[in-house]
Amino acid sequence: MAEHTHQGLEARAAEAVARAGLITSIVGATIMLAVLVGNLLVISLRRVPPSWLAVVVQVGPPLVALLGFIGTGSTWYGRWRILRRRAEYDVRDDLLDQALNAPGDAQGLPGQLGCAAALNPLVLMLGLLLCLTTFGPAPLDILGVGRNGANLPAATPTPQVAIATPVPSPTAVPPTRTPVPTATSIPPTPVVAFVVKPTSSRTSCVTTTTATDVPLTLDNTGSTTAVGWGITGLDGWAKPSAATGTIPAGKKATLTLTITNCPNIPINGFVDEQGTITLTTGGKGTFVFAVRIFGYQLR
């Protein structure tokens, strides 16, 4: 009784395995067909497949290999039951077994569909190896579209046709002419080469007679700009003909010093008078000059 129950359970299990093998065979064959169609679009026709087909091409080969493994296992389970004399050999069942092996065979060499069942384990291993190469780097990704869709052709963007909307032309307004400022030339840096000559001189008084005047030359010939000047520092021994003045660029002027204090000059002695000319405009500079005044007495 127990043995009969065990045989009944084994028979139901065998039926379930056979049904699973049939279902996996049909599903695997369908997926493999979709993978082949996707490969045809990408490799031969250089077309971009639909998104769902691209996903099937990516995940299809390993899934078909798994389904082929189940189908091959179902076939060998049936053979094992025949060897154990748990079932009888039947031509119809053998043809069904060949159909169950189709996905595994398709994963290997498509030209060998329907090959002998004895080669199923080898073909299954080949199919698994080819599926693994799908996820390898180039040039190993020979099946499918390669890792992450690397071999998919780039989608050609659809040109957008822009429809021009007529815009009413505005009333013509004469352009306002903005005066362009003319470039202002930068004047050159003025050159000041002012000179006082001589810087030292001498004169003499004879008793109480007025001494000879002392001329000073204010030379501005080396300058490119006019300069203003002023004189300071005289101690009352001499009086200038002018205390301030202006000399144009490239010109000279004469300043006369008149000795006004001869009665106080020591007889047979001398007095030094010193003054300073300072530039007040046009430039900067101070120029010192000195005059020595001698005293004589008539005999």
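Modeller: Of the contacts in the protein chain between residues at least 6 apart in sequence, 64% join residues at least 24 apart; a contact means heavy atoms within 4.5 Å. This is a predicted model, in which local features need pLDDT of at least 70 and side-chain atom pairs count only at pLDDT 80 or more, while totals for chains, interfaces and linings use all residues. Residues are numbered from 1 along each chain as its sequence is written, and side-chain values use heavy atoms, with hydrogens and water left out.

The protein chain has five helices and nine strands, these being DSSP runs numbered from the N terminus (helices: H or I, at least four residues; strands: E, at least two). Along the sequence, the pattern is α-α-α-α-α-β-β-β-β-β-β-β-β-β. Of the 299 residues, 30% are buried; buried means under 20% relative accessible area, exposed over 50%, and partly exposed in between, with a 1.4 Å probe and protein chains only.

The largest nonpolar core has 24 residues. Such a core is a set of buried Ala, Val, Leu, Ile, Met, Phe, Trp, Tyr and Cys residues joined through side-chain atoms within 4.5 Å. The residues with the most contacts inside this core are Phe194, Leu218, Trp229 and Ile277. Two or more residues each come from strand E3 (214-219), strand E4 (227-232), strand E7 (252-259), strand E8 (270-281) and strand E9 (286-296). Leaving aside residues up to four places away in sequence, Ile277 touches several partners, among them Phe194, Leu218, Trp229, Leu255 and Phe289.

Helix H1 (residues 2-44) contains Val42, which counts as buried because its relative accessible area is 2%. Val42 and Ala54 are twelve residues apart in sequence, and their C-alpha atoms lie 9.5 Å apart in space. In helix H2 (residues 51-83) one finds Ile70, which is classed as partly exposed because its relative accessible area is 34%.

As for confidence, the chain averages a pLDDT of 75, and 65% of the residues score at least 70; pLDDT is the predictor's confidence in each residue, from 0 to 100. Over residues 108-119, pLDDT stays under 50, and the model has 16 contacts beyond four places in sequence for them.
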